[in-house]
Amino acid sequence: MPSISSPNDPGQPEHRLDLRLPVDCPRCHGKHIASVAALVVPQPLFFGGPADAPSRWTLGLSCPIVGRAFDADIALPVDEGVQVRRVDVISVDPVPDPALPVGDGNQPPTTATDPSAAAWLTAEFDEWRKSSGLTLRGFAASMLSTSTGAVAVYFAILKYAGLERISGGWRVLTIGPAVLFLASAATWVLALRPGLAWAYDVAEFADYRRRRLVAARRLTDVGLGLFLAAVAFAIAILAAVML
Ligand SMILES: [Zn+2]
């Protein structure tokens, strides 16, 4: 902090305010951020307040785009109880970064990260979080129609392969894959079944949602196992019939 002595008021403690000020540039007609250091002195307020706005300053700035100087009349964001002694322009930045706070020099600048990668991952995270239930339901719905449809397909192929060639007690076995397909279908129905719960706040809802998703995921494991077992069983039966 540079110490600048003030001849007319040597006793008052000056201190420095770092400010980031948005300015409209008349040279390139864009917006810039001027970083300035203001030397201020605490000022007792008299009755009636300050006569004019003491925080208005005309700053000599230079456009960072086209490099031409211009004057900007700016209201400094300082308290009414301080007197601005001097304003030093530190830099003028071409593009205001929306992530940076404007007009408040007390906050440290945000750490530089790759904004595109972070934004992309955040968007992807939101998308996954939003669609996870939907993905599960979509999968369960398609598996429900697949496993019920598989029953009809299985019997059609079995008839074509020659069901009548199987005799007696062995015939009972041919119904096995159909039973497994139907059991799988029942599991998908359970996975799709709407839930009912009372959630009084977000935390309760989040807990319920998590439990629902975990339970539905377990049902899809069971349904998928039954479905694959049914397919294997059906292949074995058809092979036995045709050979
Ligand atoms: Zn400019």
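What share of the contacts in the protein between residues at least 6 apart in sequence join residues at least 24 apart? The share is 75%, where two residues are in contact if their C-beta atoms, placed from the backbone, lie within 7 Å. The structure is a predicted model, in which local features need pLDDT of at least 70, side-chain atom pairs count only at pLDDT 80 or more, and totals for chains, interfaces and linings use all residues. Residues are numbered from 1 along each chain as its sequence is written.

The protein has 4 helices and 5 strands. Helices (H or I, at least four residues) and strands (E, at least two) are DSSP runs, numbered from the N terminus. Along the sequence, the pattern is β-β-β-β-β-α-α-α-α. Of the 243 residues, 15% count as buried. A residue is buried if 20 or more other C-beta atoms lie within 10 Å of its own, exposed if 12 or fewer, and partly exposed in between, with C-beta atoms placed from the backbone.

The strands are described next. Strand E1 (residues 15-24) pairs with strand E2 (residues 31-42) in the antiparallel sense, over 10 bridges. Two strands pair if DSSP finds at least two bridges between them. Asp18 stands opposite Ala37 in E2. The hairpin of E1 and E2 has 6 residues between the strands. In this hairpin, His29 takes a positive phi near 60 degrees. E2 also pairs with strand E5 (residues 82-93), again antiparallel and over 10 bridges. Here Val40 stands opposite Val84 in E5, and Ser35 stands opposite Ser91 in E5.

Together these strands form an open sheet of 3 strands, with the order E1-E2-E5 and antiparallel pairing. E1 and E5 stand at the edges. Each has a single partner strand, so one side of each is left without a neighbour in the sheet. Neighbouring strands of this sheet are turned by 30 degrees against each other on average, direction ignored. Such angles are taken between axes, which are lines fitted to C-alpha atoms (for helices over the stretch in contact), and run from 0 to 180 degrees between N-to-C directions.

Ala37 gives a local view of E2. Ala37 lies in this strand. With 16 C-beta neighbours inside 10 Å, Ala37 counts as partly exposed. Leaving out residues up to four places away in sequence, Ala37 touches Arg16, Asp18, Asp88 and Ile90. Arg20 is 17 residues from Ala37 in sequence, and their C-alpha atoms are 8.9 Å apart in space.

Strand E3 (residues 56-62) and E4 pair in the antiparallel sense over 7 bridges. Arg56 stands opposite Ala75 in E4. The hairpin of E3 and E4 has 6 residues between the strands, and Gly67 takes a positive phi near 75 degrees there. Strand E4 (residues 69-75) has 7 residues, and the number buried is 0, so E4 lies largely in the open.

The 41 residues of H4 should span 60 Å at 1.5 Å a residue. The expected span of a helix is 1.5 Å times one less than its number of residues. The end C-alpha atoms of H4 are 59 Å apart, which agrees. Buried residues of H4 are Ala216, Leu219, Gly223, Leu226, Phe227, Ala230, Ala234 and Ile237. Ala240 also has its place in helix H4 (residues 202-242). Ala240 is partly exposed, with 14 other C-beta atoms within 10 Å. Ala161 is 79 residues from Ala240 in sequence, yet 9.9 Å away in space, C-alpha to C-alpha.

A nonpolar core is a set of buried Ala, Val, Leu, Ile, Met, Phe, Trp, Tyr and Cys residues joined through C-beta atoms within 7 Å. The largest such core has 17 residues. Tyr154, Phe181, Trp188, Ala191 and Ala230 touch the most other members. Helix H1 (115-161), helix H3 (176-192) and H4 each supply at least two residues of this core. H4 gives the most, with 7 residues. Phe181 is in contact with Ser147, Ala150, Val151, Tyr154 and Ala230, leaving aside neighbours within four places in sequence. A second, separate core has 10 residues, including Val36, Ala38, Leu61 and Val92.
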